[in-house]
Structures are given as structure tokens and as C-alpha cells.
Amino acid sequence: MPMTTTGRATEPRSLAAKLSNETLCTWLRDMLLIREFEVRSMQAYQNKKIGGFLHVYIGQEAVAVGTIAAATARDPVITAYRDHAHALARGTEARYCMAEMMGRLGGCAKGKGGSMHMFDRRRNMFGGHGIVGAQCPLGIGLAFATKYEDEVIDGGASRRITLCYFGDGALNQGSLHESMNLAGVLNLPIIFICENNGYSMGTATARGTTMAEDLTAKAVGYGFESASIDGMDVMAVYDGFMPIAEQCRETSRPAFVEIRTYRFKGHSMSDPRKYRTKDEEQRYQAMDPIERFTKYMAAERGVTEDEHEAMTRSVRKEIREAIRWAEKSPHPELGELYRDVYTDIWGPYRGTSGPEMHDKS
Amino acid sequence: MTRTIEYRDALREAMSEEMRRDQRVFLMGEEVAEYQGAYKVSRGMLDEFGPHRVIDTPISETGFAGLGIGAAMSGLRPIIEFMSWSFSLVAADQILNNAPKMLYMSGGQFPIPIVFRGNNGAGGQLGSTHSWCVESLYAGVPGLKMAIPFDAYDAKGLLKTAIRDDNPVFFLESERLLGIKGEVPEEEYLIPLGQATLRRRGDDCTIVGFGRPLYFCLEAAEALAREGIECDVVDGRTIRPLDIDSIAESVRRTNYCVVVDQSWPFASIGAEVAAQVHEHCFDDLDNHVIRVHSDDVPAPYAYNLEQEMLPNARKIVEAVRAVTYAG
Ligand SMILES: Cc1ncc(C[n+]2csc(CCOP(=O)(O)OP(=O)(O)O)c2C)c(N)n1
Ligand SMILES: [Mg+2]
């Protein structure tokens with residue numbers, strides 16, 4: 001897979017480097033939280049506490065954290081099925097995500113969506129979507145709505161931008177290309193974020209798509225601003241993404257970014273990874289975005305080993321408690337089967353009610 | 001006060017009234033704005049509502065159907081026009097996965113108040129790709145509603161209700177009906193989804209139909225009346241919810257039932273209605289239900305073949321005679 005990483009831990013950076021220790025510590029903690037969540041999820045899957053498909057984000061943490069850090073809480077976020085990180089980075093509590101994966105009533109979708117379908121309306125997290133590319137048309141709809149609200153309803157200027165994530169595999173789906181074209185024609189404030197982790201299941205990016213060596217080529221025909229960003233470095237992600245986000249907000253023009261990353265684990269839990277070498281995996285593991293950022297925080301921001309240790313402990317505790325909470329959450333009662341099919345009550349259908357996480361807070 | 005207006009005008013009145021009433025409603029589709037509607041349904045709407053609310057799209061059904069669903073997730077109330085439901089097939093994933101299942105998969109967080117509407121069924125010698133009857137393909141998906149209005153009055157009343165509904169509604173019009181005039185009141189009215197209506201009254205046999213084939217049902221009922229067979233003609237109006245109670249009530253009175261459905265016979269709306277009539281009226285039926293469908297072949301181009309393929313009055317008359325042991 002052709003990928004180069006630019007920048008070392010100590011290289012001077014423009015934007016992220018100017019942020020406070022406090023802000024950067026929240027990034028580090030979010031990345032640690034995602035990693036811990038995913039590691040524990042894999043264990044829970046092996047212990048048969050989680051069913052269906054499980055796709056973990058280990059190795060890609062800098063992408064969700066760095067991009068979401070560059071957005072506001074009101075900006076809509078939508079992604080594919082490798083989605084736990086986006087919900088967590090958005091602030092959805094780990095216990096609701098974990099309960100969802102365990103098929104419990106306390107889950108963010110009351111156990112009806114599962115790992116691939118994390119939704120959190122309050123946090124403008126519009127899902128987790130299981131069909132490759134299918135979230136992209138929805139994403140332009142979210143962007144359309146933000147603009148429509150400004151232009152038709154509020155007459156205001158909320159100027160929200162939509163973050164629409166997808167894998168390199170989705171580059172080859174018509175739904176993405178129709179969405180890019182429509183976003184261009186309708187001038188929609190959306191950023192198409194390609195998380196290029198090198199593979200779509202076992203298909204290396206270059207085996208599935210043209211111009212894999214420079215995916216920003218995909219943006220040219222649509223007339224979009226674009227950038228190719230090193231996704232193994234959270235500060236580089238922020239630095240590369242922030243100007244694109246600002247411009248999108250300013251001009252209401254769509255943009256495209258390729259963020260080069262690597263998934264350290266298999267595609268899902270049943271992937272023997274025959275299509276790539278151990279050597280390649282080790283090379284990327286040596287670029288672990290968490291280790292890299294940890295080093296930076298120690299060297300440049302004076303985060304001590306004790307402080308780091310305390311952060312790790314608090315993350316472990318949070319996830320441990322999330323798992324305990326999820327396991328105690330009841331299985332959905334059978335009446336849930338017929339709830340949320342329609343908003344109204346008719347025939348066997350029982351109307352709708354939101355998840356518990358929205359009763360709180 | 002009533003006026004006589006075309007079916008297409010009734011559709012436009014429904015959309016325009018709802019757009020005046022609620023700023024969150026907008027219309028999007030191919031040629032809806034500057035062209036004034038491929039079938040003139042949206043004629044004049046661009047002028048009244050402007051380009052932010054009456055929006056032309058390129059030919060990207062997946063893209064704009066999905067756009068509508070995403071906008072609905074955000075609380076807008078889109079009306080998405082398919083030039084023909086035949087073209088909705090390329091947007092199948094969006095309209096069948098994303099629209100009807102989002103509320104469920106999100107645990108009740110994201111209702112999808114959207115209307116997909118356009119021409120359904122044979123337009124007249126358009127060949128097989130353009131003559132889809134999608135009702136039997138789509139109606140089985142839980143989470144969606146489906147309406148199939150017969151005349152101008154229903155087109156308006158049902159569409160207004162569909163736009164106000166918080167669930168995805170598939171609204172199946174017919175190119176062959178757009179120019180047909182009907183009485184429509186000046187005053188506002190709504191027709192609930194899930195309420196059938198009786199188009200003709202008779203005690204000898206029930207004919208159940210939806211949308212355009214109801215014309216053939218009425219023609220057949222007229223002919224049968226001359227033979228002394230009086231038929232109830234029940235217009236289901238919506239396929240999901242299906243008003244099986246009204247259908248069953250009629251069948252209990254007539255003891256015979258013919259179901260007319262313009263889609264193919266196998267695994268169809270006709271099959272579903274027949275099965276439900278058998279379940280609800282087993283003891284009241286004096287014969288099994290007979291179904292009239294389009295023939296189980298792709299829609300042909302040649303005029304005579306197409307006419308023969310579609311449900312028509314002759315086939316319905318024969319079915320009623322057969323079911324009532326009259327022929
Ligand atoms: C339309 C469709 N086809 C096939 C699949 C099965 N599938 C699920 S994930 C996947 C690979 C997608 O890879 P990519 O987009 O690169 O995302 P990544 O898994 O790398 O995050 C495939 C083929 C699917 N979910 N949807
Ligand atoms: Mg990939």
C-alpha cells in the first residue's frame with residue numbers, strides 16, 4: 001500500500017501546536033478511550049457478549065478525534081459501520097455504545113441497531129450505516145438541511161458543516177459519486193472524509209480504485225478543494241482538516257479529504273488477514289497514533305508519566321464501568337419488537353419512544 | 001363549493017398548500033422547477049416558492065432520494081418526485097433501507113417524514129423498463145406507508161395527509177390519470193391513510209382494486225350490472241396500511257371476491273389481499289378469491305400486446321362471472 005507519513009512527533013506544527021495542554025489532553029484521553037473501548041469490545045465479542053459483525057477502529061483513532069476536534073458540536077456527523085469512535089469522540093457515553101453492542105435496552109438505539117448503527121440525535125451523530133456508501137446521500141441531505149434552515153427557515157447563519165465519513169471501499173460506490181456531484185451542484189457545506197485505511201476487507205485500495213496513489217484526484221472532477229492528510233498523527237489531522245473545515249463553513253462549498261491511516265486489526269472479527277504481510281502490519285504499528293501523540297505530549301507539553309498513567313487508569317475504569325452497566329441493562333422486552341416501526345400506533349405497531357440516554361441529561 | 005380540476009392540479013394544490021402551511025416542506029426532483037414538471041404537476045411552483053424550495057436535480061435518483069432522507073433526519077419534510085417510479089429502482093437501497101428503517105435502527109431517534117411520489121404503472125407503450133408497478137416490490141417493507149390515489153379528490157386529500165405524516169409515504173400516481181378531471185372542494189380537507197372507500201354499491205360480488213385499474217373495475221361493474229350482477233367496488237386507497245376491515249365487511253355481505261392488481265401475480269398485492277380475505281372471511285366465502293393481474297411477462301411495447309397484458313374490464317368481468325358461478 002503506498003503511504004508515507006509526514007511529520008515526526010517533534011516537528012513544529014501550526015494550528016494544533018497552538019492549542020492548550022488541556023485541549024490536547026482531551027484528545028489524548030479520547031484516543032485512549034476509543035482504544036480501550038475497542039479492545040474490550042473484541043474481548044466481549046470473543047466471550048459472545050456481542051453478536052453480529054464487529055469492526056474495530058484500532059489504529060485509526062487520530063482520524064475521528066482530529067477531525068471532530070475541528071468541528072463544532074452542532075455540525076452533523078455521519079459515518080459507515082466502523083462507527084464506535086465517531087460516537088465516542090462526539091461524546092456519546094461509552095456505556096450507551098457498549099449496551100447497544102450487547103443488544104440491551106439501555107443502548108443508544110435500544111439494542112435495535114447494534115455495532116454498525118450508533119445514533120445520538122442530541123450530539124448530532126446521525127449514525128453508523130451498514131451499507132457501503134449509503135450514508136453519503138444522507139450526508140448531503142444533512143448538509144442540505146443545515147443550509148435550508150439558514151436560508152429558508154431561520155434566515156440566520158448557523159453555518160454548520162457536515163462531516164461525512166466513509167472508507168476507501170466506498171470510493172467505488174455510485175452513491176458516493178452521486179453525492180459528490182449533487183453537493184457540488186447544490187453548493188452544500190459538506191466535507192467528504194475518506195478514511196483510507198489501505199483496504200476494503202481484503203482489497204487493497206489500489207486494487208479497487210483508480211488513482212489510489214493520490215485520492216485527491218477524485219475531487220478534481222467535482223471541482224472541490226481537497227487535501228491528503230496523514231491520519232497517523234492527530235495533530236496533522238487537525239492541521240490538515242481545520243483549514244478545509246473553515247473554508248467549507250465560509251463558502252458553503254463541499255470539500256474532499258483523504259486521510260491516510262491503517263486498521264491494525266482485521267476487517268471484522270473473522271478476518272485471518274491473509275492479504276497483507278506481518279511485516280507491513282508491524283511497520284504501521286510502529287506509527288501507532290496514540291504512542292506518537294503520547295510522546296509529543298510528554299516531550300513538548302510536559303505530561304508526566306504519572307499523569308499519563310492516571311489518564312489510562314481513568315479510561316480503563318470508565319470502560320469497565322460501561323461494560324458493567326451494559327451487562328446490567330435489561331434485554332429489550334418483546335414489545336420493543338413492534339415499537340419504532342412507525343411513529344403512530346396502528347395494527348400491531350406501538351408507536352415510538354427514544355432511548356434512555358435521552359431521558360437523562 | 002367544488003371545482004372540476006385535473007388529477008395533476010389536485011396534486012399540485014396539495015403540495016402548494018402544504019408548502020404554504022409549513023416552511024419545512026420542499027419539493028425536489030428531476031425537472032420539477034425550471035421545466036415546470038416533466039408531467040406539469042409542479043407547474044408554477046418555482047415561481048411561487050423560489051429555487052430554495054422547488055429544487056431541480058440531475059439524474060441521480062440514489063443521490064437525491066438519499067438527500068431527502070438525510071434532510072428528513074434533520075427535521076425537514078421533503079417531497080421527492082420520481083419522474084417515474086420505474087426509476088426508483090436505482091435508488092432502491094436509499095428508499096428501502098434508509099427511509100423505512102431509520103426510526104427502528106436508531107431506537108426511535110430519527111423519524112423520516114418524507115413523501116416519495118411519481119408515476120407508477122404502464123404509461124402507454126413505454127416498454128418494460130418504464131412500466132413498473134412497484135407496489136408489489138415495495139409494499140412488504142415495514143416502516144413505509146403506501147398510497148395509490150384513484151381520482152383528483154383522493155390525490156389531493158391523500159397527498160396532504162402523506163406530507164403531514166411523520167413516516168415515509170410512497171405515493172403512487174399514474175401518468176394515465178394525470179389529465180382526468182374530478183370534483184375537488186375549495187375548502188381544505190384531508191383523507192386519512194388506511195381508510196378504503198366504496199366506489200360502487202352492489203350485493204352480488206366484491207371487487208377490490210387500487211389506483212388506475214379501478215376504472216376497469218367500474219367499467220366491468222357497469223357491464224355486469226346489465227347482466228344482473230351487482231358489484232361492490234372497493235377502492236383500497238392505501239396499500240399500507242391496508243384497510244382489510246372495510247374489504248372484509250363488503251365480502252361478508254357479497255360472499256364473493258375478485259381482487260384486481262396491476263402488478264404481476266406472483267408474490268403480489270393481489271396475492272396478499274386474497275390471502276387476507278381468505279383469513280378474515282373464510283366462513284363467508286362461497287368461492288375462493290379470484291385475482292386479476294397484469295400477465296406474468298415483461299410489459300411489451302406493441303399496443304395490442306400491452307392492452308392484453310394489463311388488467312382490463314373484460315378480464316374482470318370474466319373473473320366475476322367465474323367467481324359467482326355465473327359463467
Ligand atoms: C453495498 C455493500 N456491499 C458490500 C458490503 C460488505 N462490506 C462491508 S464492509 C466492506 C468493506 C468496506 O471497506 P471500506 O469502505 O474501505 O471501509 P473499512 O472497512 O476499511 O473501514 C464490505 C465489502 C456492504 N456492507 N455494503
Ligand atoms: Mg478501508
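# Briefing on a predicted two-chain model with a ligand

In strand β4 (residues 77–84) of chain B, eight of the eight residues are buried, so the strand is largely enclosed by the rest of the structure; a residue counts as buried if 20 or more other C-beta atoms, placed from the backbone, lie within 10 Å of its own, as exposed if 12 or fewer do, and as partly exposed in between. This is a predicted model, in which local features need pLDDT of at least 70 and side-chain atom pairs count only at pLDDT 80 or more, while totals for chains, interfaces and linings use all residues. Residues are numbered from 1 along each chain as its sequence is written, and chains are lettered from A and ligands numbered from 1 in the order in which they are written. Helices (H or I, at least four residues) and strands (E, at least two) are DSSP runs numbered from the N terminus.

**The surroundings of strand β4 in chain B**

- Strand β2 (residues 25–29) of chain B runs parallel to β4(B) and is joined to it by five bridges; strands are taken to pair if DSSP finds at least two bridges between them.
- Within this pairing, Met28(B) has Ile80(B) of β4(B) as its bridge partner.
- Strand β5 (residues 115–119) of chain B is also parallel to β4(B), again with five bridges joining the two, and here Ser84(B) has Asn119(B) of β5(B) as its bridge partner.
- In a regular strand the side chains alternate between the two faces of the sheet.

**Chain B as a whole**

- Chain B contains eleven helices and 14 strands.
- The radius of gyration of chain B, taken over C-alpha atoms, is 19 Å, close to the 20 Å that the globule rule gives for 327 residues, so chain B is as compact as a globular protein of that length; the rule is 2.2 Å times the number of residues to the power 0.38.
- Along the principal axes, the C-alpha atoms of chain B fill a box of roughly 60 × 40 × 40 Å, and 61% of the 327 residues of the chain count as buried.
- Of the contacts in chain B between residues at least 6 apart in sequence, 78% join residues at least 24 apart, where a contact means that the C-beta atoms of two residues, placed from the backbone, lie within 7 Å.

**The two domains of chain B**

- Chain B is divided into domain 1 (2–185) and domain 2 (197–323), with bounds that come from an automatic or database domain assignment.
- Taken over C-alpha atoms, the centres of domain 1 and domain 2 of chain B are separated by 26 Å.
- In the contact between them, 23 residues of domain 1 of chain B meet 23 residues of domain 2 of chain B.
- On the domain 1 side of this contact, α5 (135–138), β6 (145–147) and α6 (152–164) of chain B each supply at least two residues, and the largest share, three residues, comes from β6(B).

**Backbone features in loops of chain B**

- Most residues other than glycine have a negative phi, and most peptide bonds are trans.
- The peptide bond from Arg240(B) to Pro241(B) is cis, with omega near 0°, and Pro241(B) lies in the loop between β12 (238–240) and α8 (244–254) of chain B.
- Lys40(B), in the loop between β2 and α2 (45–49) of chain B, has a positive phi near 65° and counts as partly exposed because it has 15 C-beta neighbours inside 10 Å.
- Arg237(B), in the loop between β11 (231–235) and β12 of chain B, has a positive phi near 65° and counts as buried because it has 26 C-beta neighbours inside 10 Å.

- Chain A has twelve helices and nine strands, and 52% of its 361 residues are buried.
- The contact between the chains takes 42 residues from chain A and 39 residues from chain B.
- On the chain A side of that contact, α5 (135–153) and α6 (174–185) of chain A are the elements that give two or more residues, and α5(A) gives the most, with twelve residues.

**Ligand 1**

- Around ligand 1 there are 14 residues, of which Val132(A), Gly167(A), Asp168(A), Gly169(A) and Ser200(A) come nearest; a residue is near the ligand if its C-beta atom, placed from the backbone, lies within 6 Å of it.
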